[in-house]
Amino acid sequence: MKFLEYTPLERLNDFCSHLNLGGRTINGCLEAYSCKHTGSDKKLSLSLENEILDYLGKSSDTDSSSPAEFLLTRSSRKTLIYLVLTLYHLYPDYDFSAVNAHQFFTEESWDSFKQMFDTYMFEASKEWTETNEGSSLLEALYKALDEVVGLAECEVYSYIPDSDADPFLERGAVWSFNFFFYNRKLKRVVSFRLSCESNLVADGLCYEEDGEIFDGMDI
């Protein structure tokens, strides 16, 4: 996976990096990668492929809703491997299992992403509008993603693990999410990760309700 630099993403990264909203701070980052293997990616990719095949060989569950069902095609396995390789580049100190990570990936749509974004980034969107002549943060994000990865041809995935498999929560974040926009034809993926840290943690306070926002959302 090769990191790709794109100016449209840099403006959004500048805004989302350490965005202080009073009681909490938003940390966000958009990164684009080519799916061409470089360096240790080839060895890691092979290891992940073998892990998945070993898992499939031991799985006797033939139910169409089984997690193994998605992995039966080579195309699906390649997609999962690209997503896990991206996770390794985002969190180089964290050890990901392809089989375990697969349980936390969910195929999404732009509408489900928008629902999440509107909920979590409501205050940040108001801040953007005030400092960017009334423009919309979501529209700016859509335009940047479309320019880099072509949203019309993208598969959208969320990665929302439990607390034991969330690198962000290990760093003390109140909430976090990772979304991936994958264009199979371009062999390119854009990751969008956001986390929120309470500025009141030092005083023994935190926003416990933030951890429950996803409970009422259909994503």
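How many helices and strands does the protein chain have?

1. The protein chain has eight helices and seven strands, where helices (H or I, at least four residues) and strands (E, at least two) are DSSP runs numbered from the N terminus. This is a predicted model, in which local features need pLDDT of at least 70 and side-chain atom pairs count only at pLDDT 80 or more, while totals for chains, interfaces and linings use all residues. Residues are numbered from 1 along each chain as its sequence is written, and side-chain values use heavy atoms, with hydrogens and water left out.

2. Of the 219 residues of the protein chain, 49% count as buried, a term that stands for under 20% relative accessible area, with exposed meaning over 50% and partly exposed in between (1.4 Å probe, protein chains only). The chain exposes about 11,500 Å², of which carbon and sulfur atoms supply 47%; accessible areas come from the Shrake-Rupley method with a 1.4 Å probe, and for residues only the protein chains shown count as cover. Among contacts (heavy atoms within 4.5 Å) between residues at least 6 apart in sequence, 71% join residues at least 24 apart.

3. Helix 2 covers residues 41–58, and its 18 residues should span 26 Å at 1.5 Å a residue, which agrees with its end C-alpha atoms being 26 Å apart; the expected span is 1.5 Å times one less than the number of residues.

4. The buried residues of helix 2 are Asp41, Ser45, Leu48, Glu49, Ile52 and Leu56. These residues lie on the same side of helix 2, because they cover an arc of only 100 degrees around the axis, the arc being that of the directions from the helix axis to the C-beta atoms. They pack against helix 3 and helix 4 (98–102), whereas Lys43, Leu46, Gly57 and Lys58, on the other side of helix 2, are exposed.

5. Arg77 sits in helix 3 (residues 74–90) and is buried, with a relative accessible area of 10%. The side chains of Arg77 and Glu49 are joined by a polar contact of 3.3 Å, meaning a pair of N or O atoms within 3.5 Å; within protein, one must be able to donate a hydrogen and the other to accept it, and residues adjacent in sequence count only if both atoms are side-chain atoms. Apart from neighbours within four places in sequence, Arg77 is in contact with Glu49, Ile52, Leu53, Leu56, Leu71 and Leu72.

6. Phe177, in strand 6 (residues 175–183), counts as buried at 0% relative accessibility.
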